[in-house]
Amino acid sequence: MDAAQKDKYVKLGLNIAYYRRLHKYTQLELCERLDIDRSYISKIELGNAGVSLDVLFRLSDVLEVPTYKFFEFRE
């Protein structure tokens, strides 16, 4: 992960966590729906791991959110 982009990863993770909570999913419930490890979603939400497009698209489907919404960063 490019250290210069860390802030963007954190904001992306915060948005994913926001929509997960909006749907009242725990990290474990979301991971089961996505078939990924809970530690991976935790790292994504904290901005400590990159996320593939495949996982982003699956997140979008499960959370019923257009993919671009994950990238609407608030200041």
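Colleague: Let's start with Gln27. Where is Gln27 placed?

Modeller: Gln27 sits in helix α2. Keep in mind that this is a predicted model.

Colleague: Is Gln27 buried or exposed?

Modeller: Buried. Its relative accessible area is 18%, and the cut-off for buried is under 20%.

Colleague: What is Gln27 in contact with, leaving aside neighbours within four places in sequence?

Modeller: Arg20, Arg38, Ile41, Ser42 and Glu45.

Colleague: Before we go on, what is the mean pLDDT of the protein chain?

Modeller: The mean is 94. In this chain, 100% of the residues reach 70 or more.

Colleague: Which elements have the lowest and highest mean pLDDT?

Modeller: Helix α3, residues 38-46, has the lowest, at 95. Helix α4, residues 53-63, has the highest, at 97.

Colleague: New topic: rings. How many aromatic pairs are there in the whole structure?

Modeller: A search finds three. One of them is Tyr19 with Phe70. Their ring centres are 5.9 Å apart and their planes meet at 75°.

Colleague: Why is the Tyr19 and Phe70 pair called edge-to-face?

Modeller: Because the planes are at 75°, and an angle over 60 degrees counts as edge-to-face.

Colleague: Which parts does that pair tie together?

Modeller: Tyr19 lies in helix α1, residues 6-22. Phe70 lies in the segment after α4.

Colleague: What about Phe71 and Phe73?

Modeller: They form an aromatic pair as well, 6.3 Å centre to centre. The angle between the planes is 55°, and the pair is tilted. Phe71 is partly exposed, at 41% relative accessible area. Phe73 is also partly exposed, at 29%.

Colleague: Which residues make up the aromatic cluster with Phe70?

Modeller: Tyr18, Tyr19 and Phe70 form one cluster.

Colleague: Phe70 again! What does the side chain of Asn15 reach there?

Modeller: It reaches the backbone oxygen of Phe70, at 2.9 Å. Asn15 itself is found in helix α1.

Colleague: Is Asn15 buried or exposed?

Modeller: Buried, with a relative accessible area of 4%.

Colleague: And what is Asn15 in contact with, past its neighbours within four places in sequence?

Modeller: Lys69, Phe70, Phe71, Glu72, Phe73 and Arg74.

Colleague: Last topic: the backbone. What is the phi of Lys24?

Modeller: About 60°. That is a positive phi, although Lys24 is not a glycine. Look for Lys24 in the loop between α1 and α2. Lys24 is exposed, with 72% relative accessible area.

Colleague: And what is phi for Glu64?

Modeller: Near 55°. This is a positive value too, in a residue other than glycine.

Colleague: Where is Glu64 found, and is Glu64 buried or exposed?

Modeller: Glu64 is found in the segment after α4. At 64% relative accessibility, Glu64 counts as exposed.

Key:
Residues are numbered from 1 along each chain as its sequence is written. This is a predicted model: local features need pLDDT of at least 70, side-chain atom pairs count only at pLDDT 80 or more; totals for chains, interfaces and linings use all residues. Side-chain values use heavy atoms; hydrogens and water are left out. pLDDT is the predictor's confidence in each residue, from 0 to 100. Helices (H or I, at least four residues) and strands (E, at least two) are DSSP runs, numbered from the N terminus. Rings of Phe, Tyr and Trp (its six-membered ring) pair if their centres lie within 6.5 Å; planes under 30 degrees apart count as stacked, over 60 as edge-to-face and the rest as tilted. Buried means under 20% relative accessible area, exposed over 50%, partly exposed in between (1.4 Å probe, protein chains only). A polar contact is a pair of N or O atoms within 3.5 Å; within protein, one must be able to donate a hydrogen and the other to accept it, and residues adjacent in sequence count only if both atoms are side-chain atoms. Contact means heavy atoms within 4.5 Å.
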